[in-house]
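This briefing describes the fold of one protein chain, first as a whole and then at selected sites. Please consult the sequence and the structure shown here while reading.

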Amino acid sequence: FINYLEQFFVGLLEGDGCITIDFLNDQTKRIRIFIALKNLEDNKMMLELFSKYLGGRVVIERNNRYVSWYATNRTDIKKVLNIIEKYPFLTTRKQCQLEFAKSFIDINSSVAARKIISEKEFKNLRDNKYNTQIIKLNFYNINFIRPCYFQAWLSGFIEAEGHFKLIRRPTGGIYSSLFIIGQNYEDIILKEILAYFDKKDNKISTTVNKDGITYYKIHIGGKDVRDRLHLLFERYPLLGDKNTKYLD
């Protein structure tokens, strides 16, 4: 159970989480790892599972609209980093966030190492933390290998980013169903998801926003996809509100 929870957690963190470093002064920086979700009972229960078994704390915030899980103290940060060490991030954006955070962490002494750096230098490093992302993307486009924890990770990632849609006839009957998932930058991950569902020849749609960021999305359906989803979630269940949406 714990192994599954950790693998699922990494997938959810990649979709709905963030790793940030706050500048406090020239000597002290603070790391925060958090996941923010809509304040729904199923999401709250899921994050409380993380808090109970993996560490961290759960808070209701932003006028009760969100329920969030935080790791901020030394013990919790160390637990999370150990989990990520066992089950490494699969998305390049989270890898860049982690690398930036690690440059300020000394687990053996404190959450944030006493790395002396000015606010100007810090902001410059922070603003350029994604500079290696394109290199990582190009590498994974050729060398990505599906890890042994992919299925549990995928359930966590679907909990964050997946959608289930019914296509109805004009008379109200169900014509077909679709599984939809998308992500900025990470077309390699979507290719791997298509391959997992035996749909590697399906098209990945793209849109480019005003900042020039490409958003990739896949839409897949049919009985074979429904069967694969059922088998996936039977063994690696969704744990939050997305499970309710899937069952509906």
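Among contacts in the chain (heavy atoms within 4.5 Å) between residues at least 6 apart in sequence, 65% join residues at least 24 apart. The model is a predicted one, in which local features need pLDDT of at least 70 and side-chain atom pairs count only at pLDDT 80 or more, while totals for chains, interfaces and linings use all residues. Residues are numbered from 1 along each chain as its sequence is written, and side-chain values use heavy atoms, with hydrogens and water left out.

**Overall architecture**

- The chain contains 10 helices and eight strands; these elements are DSSP runs numbered from the N terminus, with helices being H or I of at least four residues and strands being E of at least two.
- The C-alpha trace spans about 65 × 40 × 35 Å along its principal axes.

**Surface and charge**

- Of the 248 residues of the chain, 46% count as buried, where buried means under 20% relative accessible area, exposed over 50%, and partly exposed in between (1.4 Å probe, protein chains only).
- The chain has 39 positive and 29 negative charges, whose mean positions are 2 Å apart. Lys and Arg count as positive and Asp and Glu as negative, without His and the chain ends; each charge is placed at NZ of Lys, CZ of Arg, CG of Asp or CD of Glu.

**Helix 7**

- Helix 7 comprises 12 residues (150-161), and its end C-alpha atoms are 15 Å apart, in agreement with the 16 Å that it should span at 1.5 Å a residue; the expected span is 1.5 Å times one less than the number of residues.
- This helix is mostly covered, with 11 of its 12 residues buried; among them are Phe150, Trp153, Phe157, Glu159 and Glu161.

**Loop between strands 3 and 4**

- Arg62 lies in the loop between strand 3 (57-61) and strand 4 (66-71), and Asn63 is placed in that loop as well.
- Arg62 is not a glycine, yet has a positive phi of about 50°; phi of Asn63 is also positive, near 55°.
- Most residues other than glycine have a negative phi.
- Arg62 counts as partly exposed because its relative accessibility is 42%, whereas Asn63, at 73%, counts as exposed.
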